[in-house]
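My entries follow in the order in which I made them.

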Amino acid sequence: MHANPCPFCAGEIAPATFAETLQLRAIYNRAPLVPGHCLIIPQLHVTTLSQLSSIEASALVPFAARIAELVMAVYGGTGVDLSLQQGQSAGQTVSHLHLHVIPRHEGDVMADWHSELLDSEHRPPLRSEDMAREVARLRRALAMWPERTSAPGIPGALE
Ligand SMILES: [Zn+2]
């Protein structure tokens with residue numbers, strides 16, 4: 001279907017997944033800019049926001065809000081950066097739509113934050129044991145918030 005295999009559809013993101021619903025999935029970034037840098041992606045491959053179904057689109061904001069709360073709680077962020085690049089000119093390198101969720105701390109900003117974010121190819125990927133540790137940490141945190149994970153459309157921990 002796609003000329004280039006999509007890394008998010010290829011199954012290699014299963015070990016990075018820490019929350020998912022029927023529509024959406026939260027994965028830990030393979031080369032995090034800062035600790036806690038995650039991505040939210042639709043389960044089905046789309047490239048632009050306008051290609052999301054209305055169900056996917058309306059699920060996105062509450063899901064992102066919960067994941068943002070989660071990464072701030074787990075990584076101690078005092079703020080959170082939500083960033084989405086659509087189109088090559090905007091810096092979209094993976095054609096599968098993805099929303100960055102990045103916990104932020106006072107004074108953590110590099111001089112050229114946006115270039116750093118887009119330059120994921122030059123950040124070293126996590127070792128699989130480091131990925132497993134972060135994913136386990138986030139799944140545990142989610143599991144400890146049952147009241148926050150039981151409502152429809154709210155991510156639950158993956159078993
Ligand atoms: Zn895809």
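Helices (H or I, at least four residues) and strands (E, at least two) are DSSP runs, numbered from the N terminus. I noted that this is a predicted model, in which local features need pLDDT of at least 70 and side-chain atom pairs count only at pLDDT 80 or more, while totals for chains, interfaces and linings use all residues. Residues are numbered from 1 along each chain as its sequence is written.

**Helix H1.** I found that H1 covers residues 54-75, 22 residues in all, and reaches 32 Å from first to last C-alpha, close to the 32 Å expected (1.5 Å times one less than its number of residues). H1 bends by about 30° at Leu60, and I saw that Pro62 follows within four residues. Just after H1, I read a positive phi of about 70° at Gly76.

**Hairpin.** I checked strands S1 (residues 17-20) and S2 (residues 24-28), which pair in the antiparallel sense over three bridges; pairing requires that DSSP finds at least two bridges between two strands. S1 and S2 form a hairpin with three residues between them, and Ala19 has Ala26 in S2 as its bridge partner.

**Two single residues.** For burial I counted other C-beta atoms, placed from the backbone, within 10 Å of a residue's own: 20 or more is buried, 12 or fewer exposed, and in between partly exposed. Ser128, in helix H3 (residues 128-143), counts as exposed because it has 11 C-beta neighbours inside 10 Å. Leu52, in the loop between strand S3 (38-42) and H1, is partly exposed because 18 other C-beta atoms lie within 10 Å. I take contact to mean C-beta atoms, placed from the backbone, within 7 Å; leaving out residues up to four places away in sequence, Leu52 touches Pro42, Val46 and Ala57.

**Nonpolar core.** Here I used sets of buried Ala, Val, Leu, Ile, Met, Phe, Trp, Tyr and Cys residues joined through C-beta atoms within 7 Å. The largest such core has 28 residues, of which Cys38, Ile40, Ile67 and Val101 touch the most other members. H1 gives the most to this core, with eight residues. Ile40 touches, among others, Leu24, Ala26, Phe63 and Ile67, not counting residues up to four places away in sequence.

Methods:
The bend at a residue is the angle between axes fitted to the seven residues ending there and the seven starting there. Two residues are in contact if their C-beta atoms, placed from the backbone, lie within 7 Å.
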